[in-house]
Amino acid sequence: FINYPPTHSQRNVCFDASGRDHEFVDDTNVVAAVSKSICNDLIQPHLDMIATTKGDSGSREIPPVVLLLAVSGGRDSVALFHAVTTLMSKATTDSKNGTIYHIDIGKDAKMTNVQCELHVAHFNHEQRGDSSDGDELFVKRLCHEREIPFHNFMWSDEQRIPTKADQSNNDELSNMHSFTQDTARQWRRRKLIDLLSELVLQTNNSTTHEESRWGAILTAHHGDDSDETILLKLLRGSHLSNLRGMEARSDGFDLSMHSSSTSRSIGYFAKPMLQLRRNGITAFLESNSLEWREDESNASNKYKRNKVRNELMPLMRELAGGEEALQKRFGNIDQQSRSISKDLTERASSYLAAMPSQTEFWLPDEKVACFDLICEEAFYRLVTQQTDGELQLSYDQINRVKCQIENYPDRLQWTIDVGGLWSVQRKGNVLKLLHGNENITHPVPWSVVETKAVLYEEAGSTNRLFFSVPSSSLENSTFVVKRVKDVGNVDFLPPWKKGRSPIKIKELLRGQKVPLHLREEAILLCLLTEYEEKVIAIYLQANKEGQSDRWITHSDFIANKGSFVIRVTLAKR
C-alpha cells in the first residue's frame, strides 16, 4: 500500500482475546448513535415486518443480516466504518462462509446476538487522477487491517445504458462514459443493489433458510446532509409534503429481482448517522487519531449541493442566530412536512383505491372544476408509480395541471407539456400520462388461444364466441385482439341496425355510455385476411346501468344455432 502524508495520524488496530476491537473514545456518541439506529431503524422494523407478513410469534431467532458499507475514504464514511466495526465481535471464520460477526446493539439480550456478514464497497470514479487511486488504496488498507471483504468498482469498467432523460440529450448519447453527478449516483446505487443481492443470495451464504436472508446498504449521510436536502428540495420547488429530510431506512426492495435466484429476500438502504452532525463526526475521528481522506472537489462550488453547503448554509446559520437555532428550524420544517405527508398519503391512497382504474387518473367529476390537495397528492403518486420514479412532478408542474382543470372547466380534451418529453392528456374526466407521442398503456388484456369449426349448439360467453364466417374469408386469415386506437374509427354494423347503414365505432361506444377517455381503449376482435382487416366484435365492460360484460357482434357475422360456425376461444392475459 502506498504511504501518503496523513492529516491525522493512523491508529494501530489491535484485537483483544475475543477478537473485538478495543473501545473508542466516543464523547460525541457516534458509536452509540450508529448502534441505536441500526437497532431501531433497521433490525427491529425488519423483525416487525416478518412478524406481520409471516405470522411470527416473535420467538424465532433474528435472521442473519448482510451489511454492505459504502466507504469512499472521506471523513463521514470512515467514521461509519469504525463505528460499525467497533460493534462487531467475531463469531466464526471458515473458508466457506468467511468471517461471521455478532453485532452488539441494544439492551435487549436478543439483540446482542445478531449474526452479521460485513462487506465494504468502494467506487473509484477516476475523476481526480492519483487522488482517486489513493482513496481506493486507503479504503482497501482499512479493510485488510480488519479482515473485511473489499469490493471495488471502477468508472471506466462500466458500460452504462442511457435513461429516457439521457436520450433527450444528444451530448449524453455521444459519450456513454460522460461523468455527471446524476449518472454517477445512479451507477453507485445500481452496483450496490446488485452486489448486495449477490452477497445475500449466493449459494454459500451462511444463512440456513433462504426465505430469511436479508441485507442492508449503509451510507454515511448525517444530519447536515439531511438539512441540505431540505434546501435543495425547496430550490427545486418540491411540494410541502416532501420538504423533509432523509429517511433513516428506505422501503424494502426485492433482491431476487436483481439475480437469477427464485427465493425472495429483502434489502434496504440505511443511514445510521442521521442523528449526528459533521462537527461531532470530526471530533470523534480526531479524538481517536483516526485518519481519513479529503476530497478536494468538495471545496468546489461547481455542484449545487456543494454551493449550498459552502455558501448558503453558513449564511443561514448567521441569519438564524447560530447552528442550534438553524437546526431547530430545519427540524420543525421536517416534522411539519411529515405530518402533512402522512395525512395526505392516507387520503390520497383512499382516493386511488376507489378509482375504477389504477392506470389512469380519474377526476372527481368532469362537471366539477376542482383539483384539491388530495387530487394533487394522488396524481403525484400515480405518476411516480407509473414511471417507476423516473418522473417526479414538482409542485409547479402539478399546479399547471390544476390551473388547466380549474380555469377551463368546459375544456374536456387537452394536452399540456410537463417537461422531459412528458405530457398530461385529458379526455373527459380522466388524465393520462404520455411520453413523446405515445400513451403509457398496458397490453391488450385478451388473446386468441384457439379457433375451430364446430356445430353451433352451446351458448357463448365472454371468452368463447361463435361467428358465421364465409369459408373464403378464412383462407390465409387469423383472428387477433386489438384496440380501437389501433384500427381507427372504422364502420361497424351492430345487430340492431342490420339492413341499414353502418355507424362509426366511436358513435356506437358513445351510445353504449362508454366514457370518452375509454373509447380509444375499447377492445375489438378482428379478422385479418390477405386483403383487409374486419372488425367482427366489440367488447363492452359492465357499466353503472347494470349491464354485464358482453361482446357486440357485427351483424354480418352473427352465428345461427344448428349451423357450422367458427368458435373463437379467448384467454385473459
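Which residue forms a salt bridge with Lys-342? The views below come from a predicted model, in which local features need pLDDT of at least 70, side-chain atom pairs count only at pLDDT 80 or more, and totals for chains, interfaces and linings use all residues. Residues are numbered from 1 along each chain as its sequence is written, and side-chain values use heavy atoms, with hydrogens and water left out.

**View A. Salt bridge between Lys-342 and Glu-346.** The partner of Lys-342 is Glu-346, with the closest N and O atoms 3.0 Å apart. A salt bridge here is a side-chain nitrogen of Lys or Arg within 4 Å of a carboxyl oxygen of Asp or Glu. Both residues lie in helix 10 (residues 323-354), four residues apart, about one turn of the helix. Helices (H or I, at least four residues) and strands (E, at least two) are DSSP runs, numbered from the N terminus. Lys-342 is exposed at 53% relative accessible area, and Glu-346 is partly exposed at 44%. Buried means under 20% relative accessible area, exposed over 50%, and partly exposed in between (1.4 Å probe, protein chains only).

**View B. Salt bridge between Arg-381 and Glu-377.** The closest N and O atoms are 3.0 Å apart. The two residues are four residues apart in helix 11 (residues 373-386), about one helical turn. Arg-381 is partly exposed at 30% relative accessibility, whereas Glu-377 is buried at 6%.

**View C. Hairpin of strand 10 and strand 11.** Strand 10 (residues 413-419) and strand 11 (residues 422-427) pair in the antiparallel sense over six bridges; pairing requires at least two bridges found by DSSP. Gln-413 has Lys-427 as its bridge partner. Two residues lie between the strands, and Gly-420 takes a positive phi near 60 degrees.
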